[in-house]
Amino acid sequence: MSTTLTINGKSTAVQAEPETPVLWLLRGELKMTGTKFGCGMGLCGACTVLVDGQPVRSCVTPVAAVEGKALTTVEGLQALDARVAGAVRAAWLKLDVVQCGYCQSGQVVAATALLKANPAPSDADIDTALAGNLCRCGTYPRIRAAIHAAAVALKDIPA
Amino acid sequence: MKRRHFVLGTLGVAGALGVGWSLLPPRQRLATRTPLATGAGETALTGWLKLGRDGALHLVMPRSEMGQGVHTGLAMLLADELDAEWSRVRLAPAPIDPIFFNQAVVADGLPFHPDSDGAIKRSAARLTAKAMREIGLMVTGGSSSIKDLWLPMRQAGAAARAMLLTAAAQRFGVPVGELAASDGVVLHAASGKRATYGELAEAAGRLPLPDDVPLKTPAQWKLIGKPLPRIEAASKALGTAGFGSDALPPGLLYASVAMCPTLGGEVKQVDSSAARALPGVKQVVMFPGYAGGTAGVAAIADTPWHAMQALKKTAIVWDEATSPAAGFSSTAFVDGLAKTLDSDSGFAYFKTGDVDAALKGAARTLSAEYRAPFLAHATMEPQTCTAQVRDGQATVWAPTQIPDAARRAVARALGLKAEQVTVHVTLLGGGFGRRLDMDFIAQAAVIAQLGGGGAPVQTIWSREEDMRHDFYRPAAVSRFTAGLDAKGQLLAWKNSSAGPSPTQASLSRLFGLPKVGPDKTASEGAFDQPYAFPAARVGHVIVDSPAPVGFWRSVGHSHHAFFKESFIDEAAHAAGQDPVAFRAALLAQHPRALAVLQAAAALGGWGQPVPPAPDGAKAARGIALHRSFGSIVAQVAEVSLSAEKAIRVHRVCCVIDCGTAVNPNLIRQQMESGIVFGLSAALYGRIDIENGRVLQSNFHDQPVLRIHECPVIQTEIIASTEPPEGVGEPGTPPIAPAVANAIYALTGQRLRTLPLKVA
């Protein structure tokens, strides 16, 4: 069974069965290891990708559900929106957000989607948007600060 | 004297006692037994770094990065003394060699009170260090990496710098004293002659290794003490960093595993006929339990999803009755611990004065019993390992905290010699002590051997298998009795606790050592604190558990701090005294601990009105002070309750004295990390085992803290010139008691079990 998906802006032929979760298509067949496995139940957010710009848990989203849609992984954020992705990355580095880093692909994807939809999120907006992304290392305070910092930086970067 | 017998007994069992040993100073950790492997144009200077002709600098990194920042912190030590160009520093994996064995973590494991400084303690530490040089472990754990390598890596950097300067002096024809080195360049100011480290590397490599180079003074440090960003931050933010399941050797197959639901159980029967008919499926194999792990079945396929589907279609009959954990109930076990304390007050890890007499003479006594459950590690990355077995050789890519133990475990499981096994250490998606165990690594190797056909096989555990096949933080019960005089001064402190020993269990798994003798880690956090009790006895009974136990971030401190800091708070309230003042009165002999306590109280606004929660609910503060891994931490938590009585922590103020702060940013990160990890456990952590099966399985029934529940965290680091102490774990012990003490102040309810629930 094969189909063609749009992944990070590129048309990609895939062999996987339609019920294959997108996470395992990415990590298995396509060897795209940026998206991580954490729970398999859509509870931890490590597998977060964007489908038509919306954050989605790829461990519980079948390939069939993303046919005809734009799938963006952490590897494709720069191509999706260099301005927002760049601001997020710069803030992440400036505030030294990461620790072990395993949850961070999902965090960065969710943060980028948030800022694209809401350029000036409040603490409550951030908490709501990132509530599905677990971190066992305690990077939450710095994630919040980095999203605010990115929002501030984006005000000065023309869209 | 029991302690001495234990120490010598341990060394004897380890086979390391000998005659004629002498102290080996840190500079003896300069050279590996075999010269470092180098590439074209690359020269090794000491056993710790390689310099390329083009200036590429590779520091040998013997410790595992699991988020604690050790790759950055350790690299700073060497790079500073070397006067390297920091932006050019890269890391190279360390070969397995005794100079990389962790000596500090073992010395700290000896059962002496931190304040005792007798000759026995000092010579035991020296003997242990010597033993560990021969049979030790390249272990990352125990908050000890910086402490262990503080001198050796700085010595290596200084020695390499001296060799480069000597080479430059010879090349320029000038005295070494006229040369300056900075950012990877040697300069002779008088003549303007200069040479890069890369240009000098080969010549320097031909010089003898100097063994007495003076180190920089703190005033000369350029990197140490600075909040440098961690070196692997960019790759982690981009998703390109390599974790355990990101290794992609060519021809990679994937394995999905199911282990017996009863811990330690076996496989009775497997029917894989349906599974093997599915697309992409290569093999279905059975594997025994290794290194304390549980037996199970693996389905191997061309993609992870095909492997998972095949496993679902495999019919497995388990043999659960013969496991030592069959029928084990965590509830009954904890009740049993309490019953043990009815008649056994345990080995005394600390005694002073006559506590029973002091209690008899007390104006008022109070008693309480505390309990803590088994806990899972729940690393963000479920256990995983990639292994290839071919032509009598094995290669594993493993997120491990002990690469040499991993090598040994794989060799043993496969029937190979250690030299036939290569371990590549990946980044760890969280460690917390889980990756001190070798079960999942040996398992992956056996799966590759049995079903890989020479191809590499990546075994990925599901979250359910991970949560149900852990080495749990042991459950514990602790009983206290305190005596106060008429003025409310603490006269007597009696504490007896009971629970399994993770060190005994782990050493048994790693080395086959028998589980005998006292174990300091079973009582740490209870017997080793800075309070000066006039009379005290702190004892612990080790009760073995059929459920597997292991090291969980801060180990014994993780529950003893909750017990001890809660009960001392009870004593303070019984005495009618302010909890900070009550503790301060017991710290007259420990100015450093007193300073931390007072700084935390100040930072936390102790004594000032507590602002209400954002929804207007009343809030209160609680404080806790705890010494662990050489560092002293105090935390003040501001807590309120929701309308449904959910505990909400709004702010945590944290002060740490960890000696010299190598990288203040990493220290702050570790305080944030330890607090969130400990708070998650305090509010939600519990693993229940019934009939030998773990009940919890994923984040729906074992929740962990989410971003909207995370407090504001403010950290202050006490300025110090003492040698650096631990940072990875000390942030965790104080948070549970700080929160529980706040809840008491808020509601009058004294919570004596974890996780915390307000009635």
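**Exercise 1.** How many helices and how many strands are there in chain A, and how do the elements run from the N terminus on?

Solution. The model is a predicted one. Step one is the count: chain A has six helices and five strands. Step two is the sequence of elements, which from the N terminus on reads β-β-α-β-β-β-α-α-α-α-α.

**Exercise 2.** Which radius of gyration would a compact globule of 159 residues have, and what does chain A have?

Solution. For 159 residues, the globule value is near 15 Å. Chain A has 15 Å, so the two agree. The C-alpha atoms of chain A fill a box of roughly 45 × 35 × 25 Å along the principal axes. As for burial, 57% of the 159 residues of chain A count as buried. Finally, take the contacts in chain A with a separation of 6 or more: 64% of them join residues 24 or more positions apart.

**Exercise 3.** Which order do the three strands of the open sheet in chain B have, and which strands stand at the edges?

Solution. The order is β5-β6-β7 (chain B), and the pairing is antiparallel. β5 (179-182) and β7 (193-196) of chain B each have a single partner strand, so one side of each lacks a neighbour in the sheet and both are edge strands. From one strand to the next, the twist averages 20°.

**Exercise 4.** Where do helices α5 and α6 of chain B lie relative to the strands?

Solution. Helix α5(B), residues 145-172, packs on the sheet and touches β5, β6 and β7 of chain B. Its direction makes about 135° with that of β5(B). Helix α6(B), residues 197-205, lies across β6 and β7 of chain B and runs at about 80° to β7(B).

Terms used. Residues numbered from 1 in each chain as written. Chains lettered and ligands numbered in written order. Predicted model: local features only at pLDDT ≥ 70, side-chain atom pairs only at ≥ 80, totals over all residues. Helix = DSSP H or I, 4+ residues; strand = E, 2+ residues; numbered from the N terminus. Rg over C-alpha atoms; globule rule 2.2 N^0.38 Å. Buried ≥ 20, exposed ≤ 12 C-beta atoms within 10 Å, placed from the backbone. Contact = placed C-beta atoms within 7 Å. Pairing = 2+ DSSP bridges. Axes fitted to C-alpha atoms, helices over the stretch in contact; angles between N-to-C directions.
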